[in-house]
Every structure is written in structure tokens, then in C-alpha cells.
Amino acid sequence: MTHRIALLALLLTGPTALAAEPKPSQADLDFFESKIRPVLSQHCYQCHSAQAASQRKLKSELTLDTAAGLLKGGKRGPAIVPGKPADSLLIKAIRHHDKLKMPPKGKLGDDVIANFERWVKLGAPDSRTGEALDLRLGAPIDIDEGKRFWSFQPLKHAAPPQVKDKSWSHNPIDRFIAARHEAHGLQSVGVAQPQTLIRRAYFDLIGLPPTPAQVDAFVKQYEQDAQAAYAQLIDELLASPRYGERWGRHWLDLARFAESNGYAFDKDRANAYRYRDFVIRAFNDDMPYDRFVRLQVAGDLLAKLNPTTPEEAQAAAQKIAATGFLVAGPFTTQQTQKERERSRYEQLDDMVHTLGTSLLGLTVGCARCHEHKYDPLPQPDYYRMIAIFSQVGFADVGINMEPTKFAQSKAAFDKAHAPIVAARTSFEQEQLPVALTTWLDNRPEHMPAPGFSTWQHIGPFPAESFDKAYDQAFGPENQKQVDLKKTFADGRLKWTEQPTWKDGVVHNTLTGENAANYLFRVVESPVARKVTLSLGSDDAIRVWINRKHVLGNKIGRGAAADQEKVTIPLKKGRNELLIKIVNGGGPSGFYFKSSLDGTPANVEKILQVAQDKWDDKQRKQVLDWFKTTDENWLALNTAVEEHKKQEPKPKLTMMYAAKTRGSTYNFGGDTYKVYYLSRGNADNKQGEAPAGFLQVLMRSPNGGQRWLDATQPNQQKQAKPSRLALADWLTDTQHGAGHLLARVIVNRLWQHHFGQGIVLTPSDFGTRGERPTHPELLDWLASELIRNGWRLKPMHRLMMTSRAYRLGSGEYSASEKADPDNMLVWRRSPRRLEAEAIRDSLFAVAGTLDTTMYGKGSLDERTPRRSVYLTVKRSRLIPMLQLFDAPDAMQSIGKREASTVAPQALAMMNSPLVRDIAGKLAARARPDAKTTLDDAIANAYRIAFSRPPTADELVRMKGFIEHQAKARGGGNAEALAFRDACHTLLCMNEFVYVD
């Protein structure tokens, strides 16, 4: 009772008292952040925080991870009374007053206790936000109880049930369907006509309409042997490369695939399309689904990054590209330093949320700020899951796709390079020490400065290209000694003195495009010494001293100071300096400045000691410096460096993908760490989170260590990379999440084939999702998937060869009344095509569809390539696709909406693209004047709808064409009217709906 009164008094007086207090100064808040908060985090949060509560470790109902929690207190009352240390329970506890002794393992230092007393006297300034934990929200999540929910249960062995009418079933699926029909007294409609079946199968598997010839051939075969013809049709479509494009698009919805960052600047991801190509290839190759998943979460960790064969390179590229799944989410570059940590957690949340909904059908992200309100997903599980991705960033990762060819060219280069390096090494070992001794014996006490003559210039010498102007040796280069009296180009080019050219100034006075100009001057040096030259050039430069090449650089730029620096050796007496400036186009110039290069202090100190007293280290220091002054070594070194520029470089194929410690929101030492966060607030860290998995999907008694430990041949355990462990856990059907992984994907296949899943909420298999309409069938399908090695094509074949799939769209009043939503699959419900299939069908019926596969896409919706290859730029989504409900690529989408709005019809009627396609359809249907109008109309129907027109349709369409021709008038009125008729077909429901 006393505690309640105290708390009531605090509630009644607290606001008034606090209102009277001045706002804490920044200095006071800084004191809290530096002296108080770290101690609370280190010594208190383990037992007194929201995180401790979620882990069932909360003591005394006291939370200290928010300012509100301190004021609210626990079982003993408020933890602090601002301004009154003596009355604050927290201060008594850290003083170890009576029985209150916190931390229990040992008393804090006196200086720390003094800091807490000072902090309370200051009024307990606190920068943390958030409400105090409400302990009335309910008991902690009971994982064992949660495991009893249907989706978390292991797969049940469900044999296809026995049914009364055995003739109705074409395969085991039908027995599950028929059993529910019989139990509910439902009567199914008959099997659809062959024209309907082929159109349905084509759109389901490849997303394109069949041609009239394909329809005719199938109908003929169907009439002879329906089962065989239909089975052959399904096999042919599954083998088509168009299958991967169709089903790859379904997966890209789940992966929130896009080729730009999103947000304001929406920077392009030039190489992100390689993930899309990986997905299409994986579906076409019937990659086992468990491997498909493994590569997307950890492919980069499984890839051989330095392949030695083309086959290894191709495999590595596929594995790396697969991880585009993890980093496909939006990413803003507009971040202040303060926002980066929060945004990093948003990025990690995007990865885990996408993985949860797409692979497991669970809204894992809902446990970020609190325990999941409905599913058995504690908040710690969420942070252990995102800790799996703590090291993940993104990057454009390169793979050499021609390693054999590169290895051959590299070997040839190394063979040619070796003798050049050997010559330099031989000189360093044999001649350089002798030259150093000679120099030391003749070294003058003072190093007088050299003198530079007036500049001489000749040029321009034109060439066919910039590269040839750089490489070709023109006149002055071919002379053993520069002769200023010699002329070139039949006397048109001669040396001219340039007395106005001053050193240290950029001279933009040279001319010629793809041409070379030569500069020359004599350098008289009283002694042998070294000079450093600072140079600039437009666009390339080469330098010789005494006919020895000492510098070469080919780079497009404007001349400026200090673009190049080179140290040249001068011999005693006359030295000739020749410079070649090469220009690509426009004005050209150069910059020159010299500086005397003295002996470095560390070398000078060694030189004060007799040479025979040097140790090996000192001798090396002197030789390393001296060789840079020796013209013979410089010439040999220049030869090495020039040849080194010819070293072949691997041609890398770049992929936007996940990369360990790649680019992300970098904010310092914690960038690649994950902490438990109170209420999801990055300012309220509760300790570092280890990698781990969802408890409700673990059957192993040792928790996640089954997957996190990697046993070596010597039986010693070591940590496995967490994403590899995740891949193992996800696909482990006995102890991990594999059973749910299988349920979710077979439900997605069923959804796309039947219009709705066995679980109507395909991305939510939790307690808020719908229960399966046929739970035994779902488990049987999942078991079949696993039994068949996780291959999806056999599952397509199984579903599509069932009688349930082949039903027509007719009606029975009794069945309609008992199951109006067709939940028990007694008929076929017509479905509208997705946006991409609508657009692709338009080009298909026009006969202009470009079937080129893979590679970069386009933002032009008029391009005739399949829609899956249109570039997905988040700020410039394709209008036509958006109109028909294509996703915005901001989050994973498991089921698209199918809206019906007026702008859709208006676009089909008024779009110039659709109008143009109508003209091409008309040309296909009536290729020449010999084709009668009746035949042309029939052709148009067969192309657009995969069926001929009815007699009534033929009459009405002819009447429409006659009316249009009369209204138009002119010599080509009938042709234009027929185009209008074709346009009308494209605007009909039948074109965009499939029975």
C-alpha cells in the first residue's frame, strides 16, 4: 500500500515538478551519456530492461533502459527521485545499503557512485526516450505451445485418400480434391476444351499466347489421345526458355527486385540485372529449390572468387549474382551521420523481413520493437536473425569470366617481363655498388646548381590517332643527339627558340590534334647531381634525359602544375632534356619547374660514417637513394615500369551483389555489429546479439549450434559463417525450417496455377494468416517436393496434369451455393493476366516480340523485349505495367492486386503503342488482298484469343468493319476499319483474361 501511495504521489506531483525544472543543458546530457548510460548498459540491462523481460530474465519488475522506467520503478517503487540522491533507491542499491546490493556481483567504484549521485542531484537528465515497459501486456511467449500451431509442425505423412469415384482422378492431387467434394456434396464442372487448356497452360508456364498453328496441332493430337497430348504440351512448355522468364518474374516480386536505390536521388544499380538473369536461369535449369535458396542467402561465401577455368568462373558468377536477393531493397544516400545507424538497422530489417515473408511465410519483422503480438516470435529471435547479416553490405563484385585466356596472356607477359627485371637486378647487385663507391670518392663538398638553356620547340607532328601520336617516334626521337638545325616535313617543321617561356607557368601555346610537339633544352651541371622536375601536360607526356627515357604517361587532361614529378640524374657537364607533349584535340600546353634535390637527412647522416663501417641496413638505405640519382639505373627502371604498363588485366564481369563488409550506412566501429534494441531504438542498446534462428522452427536440443558449428576432420568445432549456417537451417527438413520452406513454395506454385493458394495468405503462414483449405494436400505436396530433390518442374507437371487444374469455368448452382468462392476447387475461376503478360501478349500477337534473353534492360516501354527485361527504376516505373498493378519494388509482394479501373480501358483504347500493335495484328491476319474479310477476322480471333470467332461474332465484326469503313471513306477505308476491328479485340476482356 505504501508503494502505491508513493507511486500515486509521484504521478500527481511529478509533472508539476518536472514542468518547473529547466530543460537539461547539453553539458548535463553529455554527462549522462558519458558517465551514467554506459554503466547502466554494462551492469544493469541484463536483468532490468525490456530485453531482459523478453528473455524472461526481468528482476523486480524494474526496467532501467528508459527514463520513464527509472521514474516508474519496480516492486519497491521509483528507482530515483530527481534532485534527491538520499531518497533514491537506485543510489541506495549501488551503495550496497542494507540488503539492497546492486550489482550483485560486486560494488561499483567510488568514483562511479559519485557520478550517479551527482547525476541525480542534477535532476537525472536523460536523453533516452520511450515509455516504461507495461508488464500487463501478457506472459512471455511460450515457444513450446507455439510449436503446436499447424505451420510449425513437421510435415505429416498424408497418403492420398480413398474416394468413391476413382475415375474422376487423374493423379494423387485429385484424390485430395475429390475427397473434399464428396465430403461437402459438391459437383465439379467438366474438363475444359482443348483450345482453353492450351491457352491456359501457355499463359501459366510461359506467359505468352499460343500461335494458331500451335493450337491446331495440339487440338489434333488431343482428339487422338487427350492424356498424351496434354502431357506432351506441359513437358514442351516446361522445357521452353520462356518458362524461366515467366516464373522468374513471380520470384522477382518476392525479392523486391529493382535496378536503382530508390528515394530522392535513385542512383542506378548498373549491374543489378545479373540477379534477374540468375533467377531466370535457375528456373530454366530447374535448379533444386533448396539450392536456389542457399545461393541467395550465402552464394558469395560458396563461390570460388579466383576461378581458373571458364566453368568455374560461370559457377562463381551465378553464386555471387544470386545474393542480389539480400541487397535488392531500397537504399538512400541522403543520410546525416546521426541517421546512419538507424538506417543500417532499417537495411537489416529489410533483409530479414523479406527473407521471412518470401521463404518462410512469416512476418518476422513485426518482432523488431516488441514481442510478436500473434506469432511465437520473441524479440530476441528477431535480433539474432538480423545478426546473421551483420557483416553484409553491397558492392559491384567482379569475376574474370575468361581465366584461361587471361592466364595465357599473363604468362606471356611474365616471360617477357622477367629479363627486363633481371637486367635491373643485375645492375643493382654488380654495378651500382661500384658506381656508389666512385661517387663517394669524387663527391664535392658543395653541390652547385645546374643551368638551364632557353627552350626550343618543334611541331606539331600529326598522326592517325592519339595513341599513334604517343607511340610513334617522330624526327627528334630518332636522333642520337638533338640537332637544332635539322628540319622535318620537307622543311615545314624546324626548331624555334622560345625566350618568353618561363618556368613555373602553364603555357597553352601548342597546336595540333592527335599530334606531338617536342620541347628541348640543355642543362649544364658543374657536378653530377640529381634534379626533380615538376611537369604538366595536355594530353600525354614523355621525357628523356641524355636519350634515356625516364617518364611516360598517356592520359587525357588539361595541362596544370605538378601533374607529374620525376627525378632525373645529371652528369657533369652537358645534359640534353627532351620532352614530348601529345595532344588529342583542342588547345594544348605544358608546365615545367625544376628543384634541386639534396641528400635526405637520414642518408646524409650515414654518409658521415666511413663506408666500411656501414651495416647491411645502412648500406641498403644509401643504395636505395643513390640508385635514383644514377642515370643507368633510371633507364633500366624506366624500362621495367614502361613494360609493366603492358601487363594484362583481367576483364571483370561486374555483379551488384552482397559482399562481406561491403558498402552500407557506415557509422564507425558498430557498423557491422548488431545489438538488441529496446523498442527497436538504436539509441537504446541492450548488448550485442549473437547470430541465431527462430526458436519455433528448431527441433534440435542444442538450439542453433547444430548449424552454427562446423565440425572439422579433427573433430574440433569452429564457428561457421552465419549465413552458411542460415542456409543449412532454412533447408533442414528434420531439425530446422525446411518443412515450412517447402510448404510455402508449393503453396506459391498452387496459387499461380489455381488463382489462389491452399493457404490464401501466401506470405503469412502465422496465426493471423488463413488456415489451409486442404492441409493434407499441402503437406503431401511439400513432401513430394522434398522427395523429388526440391525440383519445381515435377511439381508444375503434377499440378497441371491433375483434373482439378483442367476443369472448365462453368457453374453448378448447388456447388455455387455451398462454396461460392471456389475454395474447394470445383471449377476454374477466370483470372486477369499480370501486367507483364498483357504487355508481352500485345507484342506476341503483333508478331514483333523480341525473344533476346538476358543482359541490360531498357526504360522504353515500346521496346519489344519481354517485360521482365524492362529496367526496374524505382523513380521511373513503366507506366503501362503500373497501370495493371505491377509492384513498386519497395517490399516483397506475394500476391498482386488485380484492380479494375477506367484508366486501364482508356489506355488500351488510346495508347499509341496499342494502336500500332493493332495495325501489326491486322497485317498478320490479312497479309494480302487475296485474304477474304471473313478469313481475316477469323485469323485475328485465332491470333488474339486462340479460337475462331462464333458465327454471331463474325457477323457482328463484319458489320462493325463496314460501319467503320463507311465512316472513314477513302481508298484504304476497309484496311483502316479492319485495324479498328483488331484494336477492338485487344480491348476485350478475353484478351487480358484467361479461363
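**A loop residue and beyond**

N514 sits in the loop between β7 (507-510) and β8 (515-525). Helices (H or I, at least four residues) and strands (E, at least two) are DSSP runs, numbered from the N terminus. Before going on, keep in mind that this is a predicted model: local features need pLDDT of at least 70, side-chain atom pairs count only at pLDDT 80 or more, and totals for chains, interfaces and linings use all residues. Residues are numbered from 1 along each chain as its sequence is written, and side-chain values use heavy atoms, with hydrogens and water left out.

What makes N514 worth a stop is its positive phi of about 50°, although N514 is not a glycine. Most residues other than glycine have a negative phi, and most peptide bonds are trans. With a relative accessibility of 23%, N514 counts as partly exposed. Here buried means under 20% relative accessible area, exposed means over 50%, and partly exposed is in between, using a 1.4 Å probe and protein chains only.

D885 also has a positive phi without being glycine, with a value near 75°. You'll find D885 in the loop between α31 and α32 (902-910). D885 has a relative accessible area of 17%, so D885 counts as buried.

The backbone has cis peptide bonds to look at too. One runs from M102 to P103, with omega near -5°, and P103 belongs to the loop between α5 (89-94) and α6 (110-121). Another joins G459 to P460, with omega about 5°; P460 is in strand β3 (residues 455-462).

Back to loops. T871 is in the one between α30 (835-846) and α31 (879-883), and is buried at a relative accessible area of 17%. Apart from neighbours within four places in sequence, T871 is in contact (heavy atoms within 4.5 Å) with E259, G857, S858, L859 and I878. G736, in the loop between α25 (722-731) and α26 (738-754), counts as buried at 1% relative accessibility. Setting aside neighbours within four places in sequence, G736 is in contact with L697, W707 and W729. G736 and R699 are 37 residues apart in sequence, yet 6.4 Å apart in space, C-alpha to C-alpha.

Now for the helices. Two packed helices are described by the angle between their axes and the distance between the axes. Axes are lines fitted to C-alpha atoms, for helices over the stretch in contact, and angles run from 0 to 180 degrees between N-to-C directions. Angles under 35 degrees count as roughly parallel, over 145 as roughly antiparallel, 65 to 115 as roughly perpendicular and the rest as oblique.

Helix α18 (residues 403-430) packs against helix α23 (residues 631-644) at an angle of about 165°, with the axes 10 Å apart. α18 and α23 are therefore roughly antiparallel. Their crossing is left-handed; that word applies if the near helix is turned anticlockwise from the far one by less than a right angle, and right-handed if clockwise. Residues making the contact include F413, H417 and F427 of α18 and W633, L636 and K644 of α23. By class, the contact of α18 with α23 has ten nonpolar, four polar and four charged residues. Ala, Val, Leu, Ile, Met, Phe, Trp, Tyr, Cys and Pro count as nonpolar, Asp, Glu, Lys and Arg as charged, and the others, Gly among them, as polar.

Helix α27 (residues 775-787) and helix α28 (residues 793-800) pack at about 140°, their axes 9 Å apart, and are therefore oblique to each other. α27 passes α28 in a right-handed crossing.

Last, the aromatic rings. The structure holds 38 aromatic pairs. Rings of Phe, Tyr and Trp (its six-membered ring) pair if their centres lie within 6.5 Å; planes under 30 degrees apart count as stacked, over 60 as edge-to-face and the rest as tilted. W251 and F292 make an edge-to-face pair, 5.1 Å centre to centre and 65° between the planes. That pair links distant parts of the chain, with W251 in helix α12 (residues 241-254) and F292 in helix α14 (residues 289-302), 41 residues apart. W251 is buried at 2% relative accessibility, and F292 is buried at 3%.
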